[in-house]
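Please keep the viewer open as you read.

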Amino acid sequence: MRIALGIQYDGFAFSGWQAQPHGNTVQDALERALAAFAGMPVQTHVAGRTDAGVHALGQVVHFDTPLDRTDYAWVRGVNAFLPKAVAIQWATPVSGEFHARFAAFERTYFYMLYAHPVRAPLLEGKCGWLHTPLDVAAMRAAVQCLIGEHDFSAFRSSECQAKTPVKHMYAIDIGQQGHFYGFRFRANAFLHHMVRNLMGCLVSIGKGRQPPGWMAEVLASRDRRRAAPTFMPDGLYLAQVGYPDQFRLPPPNWAAWPYPMPWPT
């Protein structure tokens, strides 16, 4: 039987998603909990490998198992063995055609940014932080060149293992509510550090250090050295992964999302 899981986690205390020898990753924690509940080793496959400090609202994984358990049992049973920073939101059986990574046709990331002269301790690790406000109109103008299919090499980490830097960006939404700035990126797939590198450029433009047209110049250069430094991971969330309707996966559980969503829903 193949089981798909929807997972939320606070990535602040973890060294990213992918399993490591030291064992301090989200995948390590999840596979330990699955093994404890199932009474046997369980190997998981994930939709997107998030970096250290990056969070997830709608991460999706799958695994194969000979066990026959109810959806409710997988959720409550495995959660009993997980640390408080990780929780399964739903579980559902899927066909053998389903693959958490390769069946996905789009991903959505949120980035939440708090702009205030004084840092907020309760947002530590959960939101990016800046001392000064940003120019939303300038940032919205800057991202227009990113929509569509492009070579995003200028926003790609040197450690990226993707076969191609060409990705299709479907939409970027930017909004403000009080001291919070929200950024929503939706694409077929993302390169390693791509959203954080885009955020670095957007913050430079929002601060007035670069004009909106600079984003198009960086994109066309395909040169990572032309872009701004990689922005902090704190406010980055893998929000949703899109799959064909045939798999009938539940939507992400956003009920506990604590921040404003300053964009069209």
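## The annotated domain

In UniProt, an unreviewed entry carries the annotation "domain: Pseudouridine synthase I TruA alpha/beta", which covers residues 8-102 and 142-244. The model you are looking at is predicted. For residues 142-244 the figures are 21% helix and 30% strand, with 31 Å between the end C-alpha atoms.

## Helix α2 and its cover

Let's turn to helix α2, residues 71-79, where Trp74, Val75, Gly77 and Val78 are buried. The cover over these buried residues includes the strands β1 (2-9), β3 (55-64) and β4 (86-94), along with helix α1 (26-38).

## The nonpolar cores

The largest nonpolar core has 80 residues, and the members touching the most others are Leu113, Phe155, Phe183, Met199, Leu202 and Tyr243. Helix α4 (residues 194-206) is the top contributor, giving eight residues. Because domain 1 (2-103) and domain 2 (106-237) both supply residues, this core lies between them.

There is also a second, separate core of eleven residues, with Met112, Cys127, Phe180 and Tyr237 among them.

## Tyr109, an annotated site

The unreviewed UniProt entry also marks Tyr109 as "binding site". This residue is in strand β5 (residues 106-115). Is Tyr109 buried or exposed? Its relative accessibility is 12%, so Tyr109 counts as buried.

Leaving aside residues up to four places away in sequence, Tyr109 touches Thr50, Phe183, Arg184, Phe185, Phe190, Val195, Leu236, Tyr237, Leu238 and Ala239. Of these contacts, Phe183 is listed in the largest core, while Tyr237 belongs to the second one.

Definitions and conventions: Residues numbered from 1 in each chain as written. Predicted model: local features only at pLDDT ≥ 70, side-chain atom pairs only at ≥ 80, totals over all residues. Heavy atoms only, no water. Core = buried A, V, L, I, M, F, W, Y, C linked by side-chain atoms within 4.5 Å. Buried < 20%, exposed > 50% of the residue type's maximum accessible area, 1.4 Å probe, protein only. Helix = DSSP H or I, 4+ residues; strand = E, 2+ residues; numbered from the N terminus. Domains from an automatic or database assignment. UniProt positions renumbered as here; feature names shortened; annotations may be inferred. Contact = heavy atoms within 4.5 Å.
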